[in-house]
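I opened this model to look up a few points on strands, cores and aromatic rings. My entries follow in the order I made them.

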Amino acid sequence: MRLFKFLAVAALSASLLFLCQAHQPFSLPFPPLGQLFSPFNGFWQNADKVQGGEFTIDLEGIKAPVQVVFDDRMVPHIFAQNDEDLFFAQGYITAMHRLWQMDISVRATSGHLAAVMGPSVLERDKLQRKKGLLMAAENASEAFLTAELDAKIGDAYTAGVNAYIEQLSPADYPIEFKLLNYKPEPWSPLKSAIFFKSMAESLCARHQDLASSNSLEHWGRETFDFLHPEYNPKQSPIIPADVEWDFGPAALGETEFSEPSIGALYQHNTFPLPSEFLGSNNWAVAAAKTAGGVPILCNDPHLQLTLPSIWFEIQLHTPELSSYGVSLPGTPGVIIGFNEHIAWGQTNVGHDVLDWYEIEWVDEKKEAYLVDGNAKPVVLRYDTIAVRGQAEPHVEVTRLTEWGPVVYEAEGEAYQDLAMRWIAHDKPTKKDFYEVGTFYHLMKGKNKEDYFKALYGYDSPAQNFVFASQEGDIALQVNGKLPIKKQEQGRFVQAGNQSKNAWSGFIPREEVPKVLNPARGFVASANQHSTSPDYPYYYLGGFDDYRGRFINEQLAQMENVEVQDMMALQLNNHSLKAREALPLLLAAMDSIQTEGKASEILEHLRDWDFRYEANEQAPILFDKWFRESLILTFDEWKEPTEKMDMLYPEPWRFISLLEENADHTIFDLQETEEVEVAKSILQKAFAQMVEAYQDKLEDPKFDWGHHKGTKIGHLGRIQAFDSDLVYTGGTGDAPNAIKPRHGPSWRMIVTLGDEVTAYGVFPGGQSGNPGNPFYDNTIDTWAKGEYYPLYLMKDPSDARVKPLITYTIQ
């Protein structure tokens with residue numbers, strides 16, 4: 001079926017390409033049809049029939065033979081005699097399965113898409129260069145080369161990728177290269193650094209400075225503070241509130257407030273931000289709370305779901321290390337995984353590490369800017385952008401200041417020039433190893449000392465690293481390079497003409513939030529606040545308000561924990577937001593009479609258990625009711641948000657208003673003479689929800705699984721290579737945070753007994769080739785909440801794994 005679908009899709013794509021080639025409506029590049037249809041070089045060669053057996057590959061640069069055992073899911077278990085050969089083989093095997101994904105990911109991040117896609121993506125490339133992604137990667141790559149460990153691993157991985165590319169003929173190119181009619185280019189350590197920066201762009205580039213500044217200016221301080229408190233009093237932070245900080249007043253830094261640069265509204269067309277709460281869950285349970293008397297570690301990172309998957313499952317083995325988990329195609333090592341002694345995983349840290357500064361120019365030439373009354377010259381960066389179909393490249397000029405690149409340039413009196421201060425731009429300080437070295441040391445780690453040592457090298461994007469070991473230790477560290485800020489610094493746009501508005505350095509690594517073997521018997525994170533407000537350093541950012549609280553609640557209640565309990569928690573569809581909000585919404589209906597479909601809907605919601613199961617209608621009804629209630633309550637936002645970015649009150653704040661301030665004037669509708677309160681708003685929103693859905697209740701496809709419409713899209717937005725509907729439950733506020741295009745991208749559970757056992761699954765497959773049976777073969781397993789055993793093979797003949805293919809690379 002996979003082969004038939006692929007051939008049908010390729011034929012259809014070719015037909016569409018023919019039509020487009022005839023008319024060229026968007027001047028997009030298309031391959032010559034003869035080449036595309038060629039039985040020797042065209043798409044037919046990508047209809048991949050996997051042939052099992054044993055094969056030998058002769059490659060230059062290998063010091064000793066490397067054996068690669070592919071199991072029945074096409075997971076490679078790589079056995080090498082030394083590190084260089086190990087990472088060479090990892091690069092080679094990863095490129096074999098994910099070459100186009102590696103190429104297009106790097107192009108998209110660094111601003112090199114126009115070279116293969118033409119003028120239609122030039123503006124995107126210009127923005128990526130303006131934002132400094134390539135510059136950031138260049139800074140990181142230069143640092144990596146100064147660290148012997150990182151450089152050695154990076155060079156070996158690069159050599160392996162290039163060994164695979166060099167042996168390719170046009171017939172072997174992944175189909176996307178053929179459809180876009182270009183060929184792979186050599187890999188480099190810089191490209192691996194760019195891949196790391198793509199993760200920084202996804203995970204630590206969100207900001208609300210402009211929206212917050214506009215809201216403060218528009219509403220005034222009193223209303224702003226009332227609607228936008230920085231901390232949810234119901235929050236259950238990552239580091240338990242009873243943890244005491246043992247660093248003294250000298251570490252408190254600046255206590256003064258940072259003054260926002262206000263007085264004008266920022267009407268810029270802000271660039272698209274990464275999805276909110278791309279985050280994840282992780283936790284580790286102490287031996288005393290488990291049935292087997294050994295620690296259990298769990299991790300499920302929530303990222304964009306794509307085909308091919310963001311993850312590539314792999315085992316890496318030498319006489320000195322043996323590690324299993326998932327890697328990022330384009331970077332060496334195991335990012336989330338385990339070995340014979342420890343397990344580790346990550347969730348995203350929500351701290352704000354991107355601030356905006358308004359630039360005051362010396363004159364209209366914009367060659368110098370003012371700081372403390374002194375003129376400072378800008379540095380001009382020239383980025384040459386090749387554009388397919390154009391004889392001359394585009395040269396993008398970016399003004400660099402001490403704050404960072406000037407990304408927003410004036411477009412009239414209503415606009416201001418803004419520079420971006422982003423942690424990912426920084427040149428790393430001198431260290432023995434960096435991010436690559438961090439994961440290498442984790443792969444070799446045996447105990448908590450090795451875990452803490454490994455984290456030293458990691459800067460960005462900041463992650464909550466969870467840990468468990470056979471020795472019985474569990475730990476969690478909020479790890480990365482985190483700025484020291486004054487109160488509210490970075491919450492609003494700041495004046496770039498005053499040096500006092502600069503960050504006050506970085507939190508010393510020994511003082512970042514962390515906990516080891518807490519009394520409660522578990523550690524956990526789900527993108528909520530790192531600490532309670534008594535943490536000595538000020539920070540702000542975007543933090544989840546529900547998953548972390550629910551997971552902490554559940555883990556606190558558990559005893560005699562087994563693997564099945566951990567699976568159930570990862571797959572739990574319970575929404576704490578619905579549990580807290582729905583009773584308040586229902587209470588507003590107690591005083592009115594309903595009939596017909598309205599009564600039916602009301603009873604259905606009263607009977608609902610707050611779980612977003614695929615076959616339920618209640619999640620659709622609640623979401624609509626809650627959303628309409630928000631829109632009606634904050635109707636004052638409609639007009640200003642049409643002109644500029646505004647900060648919208650968070651859902652938890654809306655719920656607290658229902659609980660504590662139900663008569664507040666915020667609930668009064670602007671368009672009516674009547675003075676509304678919360679109850680009347682909720683009743684009106686209920687009526688709107690009933691009107692929208694009353695005729696759909698009998699539709700067999702009117703359930704959460706169909707309504708949510710989860711699909712896993714092809715990375716290049718080729719719809720024919722997308723998945724079908726993935727019928728599953730889950731929601732962003734539940735542990736099983738499946739959304740239409742985002743969700744648990746890798747589920748992993750590891751028990752740290754005498755013999756480490758592990759289970760995992762991701763939604764996709766090992767191959768990046770849509771014509772390969774291992775392109776999307778694990779989606780159904782993932783959707784059904786099932787797991788595969790993960791075997792850390794002891795040697796290539798380990799009887800637990802039946803080889804599908806075996807390579808000897810020599």
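**Strand β2.** I began with β2, residues 66–70, in a model that is predicted. I find the strand mostly covered, with four of its five residues buried.

I then looked up its partners. β2 is joined to β29, residues 805–809, by five bridges, and the two run antiparallel. On the β3 side (residues 76–79) I count four bridges, again antiparallel. Phe-70 stands opposite Ile-805 in β29 and opposite Pro-76 in β3.

**Cores.** Which residues have the most contacts inside the largest nonpolar core? I list Ile-78, Trp-311, Phe-338 and Ile-809, in a core of 126 residues. Helix α3, residues 83–110, supplies the largest share of this core, 13 residues. I noted a second, separate core of 80 residues; among its members are Met-589, Leu-602, Tyr-612 and Trp-652.

I went back to Phe-338 for its contacts, leaving out residues up to four places away in sequence. Phe-338 touches Ser-322, Ser-323 and Tyr-324, among others. The list also includes Ala-343, Trp-344, Met-748, Val-750 and Val-756, as well as Ala-758, Leu-790 and Leu-792.

**Aromatic pairs.** My count of aromatic pairs is 41.

I looked up Phe-634 and Trp-637 next. This pair is also edge-to-face, with 5.3 Å centre to centre and 75 degrees between the planes. Are these two residues buried or exposed? Phe-634 has a relative accessible area of 2%, which is under the 20% limit, so I put it down as buried. Trp-637 is buried too, with a relative accessible area of 2%.

Both residues belong to a cluster linked by ring pairs. I wrote down Trp-219, Trp-608, Phe-610, Tyr-612, Phe-622 and Phe-626 as being among its other members. Tyr-648, Phe-654, Phe-667 and Trp-704 are also in the cluster.

**Charges over rings.** Lys-431 lies over the face of Tyr-456, at 5.3 Å from the ring centre. Arg-653 lies over the face of Phe-226, at 4.7 Å from the ring centre.

Terms used. Residues are numbered from 1 along each chain as its sequence is written. This is a predicted model: local features need pLDDT of at least 70, side-chain atom pairs count only at pLDDT 80 or more; totals for chains, interfaces and linings use all residues. Side-chain values use heavy atoms; hydrogens and water are left out. Buried means under 20% relative accessible area, exposed over 50%, partly exposed in between (1.4 Å probe, protein chains only). Two strands pair if DSSP finds at least two bridges between them. A nonpolar core is a set of buried Ala, Val, Leu, Ile, Met, Phe, Trp, Tyr and Cys residues joined through side-chain atoms within 4.5 Å. Contact means heavy atoms within 4.5 Å. Rings of Phe, Tyr and Trp (its six-membered ring) pair if their centres lie within 6.5 Å; planes under 30 degrees apart count as stacked, over 60 as edge-to-face and the rest as tilted. A charge sits over a ring if NZ of Lys or CZ of Arg is within 6 Å of the ring centre and within 35 degrees of the ring normal.
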